[in-house]
Amino acid sequence: MKNVPYVYLAGPIAGNGYKTVTNWRIDAAIRLSPIKTLDPMRAKSFLKGETEDVHNYQRTTVVENALGSSKGITARDRMDVMSCDVVLMNLLGAQTVSIGTMIEVGWADAFRKPIILIIDENNPHLHPMVMEMAGFIVTNMDEAIEVIKALL
């Protein structure tokens, strides 16, 4: 049994560059310490040069193929949602619906993991089912961190 709680850092990846998808996750991990985070971008530094869409990267090594394949992404992200205590879902600034993140909403709900949702006005993810599954809805990272620390 783990002795430190875990927070899964969910949010759009497809269609975004490496810095866009990693910067907020690094910040959240620092701010949540000593709470541990599960980052879907961990061990994917091979994507550092991608500026527009990390999913378009041409993988060349066995590890890159394993972690970057559709099966690898799905298996690890599902495992992380299953094993976390809380899901932090950052949808701020999304321009299109993130299919992968919406699947993670379903997993989190099915596994009864509380979702702290960060969302802004006119966000394409504003849908009754997403809003219903989120246990806590906030508008910025400061509020999300505060809620997570209060929960855990």
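Q: Is L152 buried, partly exposed or exposed?
A: L152 counts as partly exposed, at 39% relative accessibility. Buried means under 20% relative accessible area, exposed over 50%, and partly exposed in between, with a 1.4 Å probe and protein chains only.

Q: What kind of model is this?
A: This is a predicted model, where local features need pLDDT of at least 70, side-chain atom pairs count only at pLDDT 80 or more, and totals for chains, interfaces and linings use all residues. Residues are numbered from 1 along each chain as its sequence is written, and side-chain values use heavy atoms, with hydrogens and water left out.

Q: Where is L152 found?
A: L152 is in the segment after helix 6 (141-151). Helices (H or I, at least four residues) and strands (E, at least two) are DSSP runs, numbered from the N terminus.

Q: How many helices and strands, and in which pattern?
A: The chain has 6 helices and 5 strands. Along the sequence the pattern reads β-α-β-α-α-β-α-β-α-β-α. Of its 152 residues, 41% count as buried.

Q: Back to helix 6. Which residues are buried there?
A: M141, A144, I145 and I148 are buried in helix 6. They sit on the same side of helix 6 because they cover an arc of only 100° around the axis. The arc is that of the directions from the helix axis to the C-beta atoms.

Q: What do the buried residues pack against?
A: The buried residues of helix 6 pack against strand 1 (6-10), helix 1, strand 3, strand 4 (115-118) and strand 5 (136-138).

Q: Which exposed residues are on the face turned away?
A: That face of helix 6 carries the exposed residues E146 and A150.

Q: What caps the N-terminal end of helix 6?
A: N140 does, with a side-chain oxygen 3.1 Å from the backbone nitrogen of D142. A polar contact is a pair of N or O atoms within 3.5 Å; within protein, one must be able to donate a hydrogen and the other to accept it, and residues adjacent in sequence count only if both atoms are side-chain atoms.

Q: Switching to N90: buried or exposed?
A: N90 is buried, with a relative accessible area of 9%. N90 lies in strand 3 (residues 86-90), and its side chain reaches the backbone nitrogen of L92 at 3.1 Å.

Q: What is N90 in contact with, beyond its neighbours within four places in sequence?
A: N90 is in contact with A10, G11, P12, W24, I118 and M141. Contact means heavy atoms within 4.5 Å.
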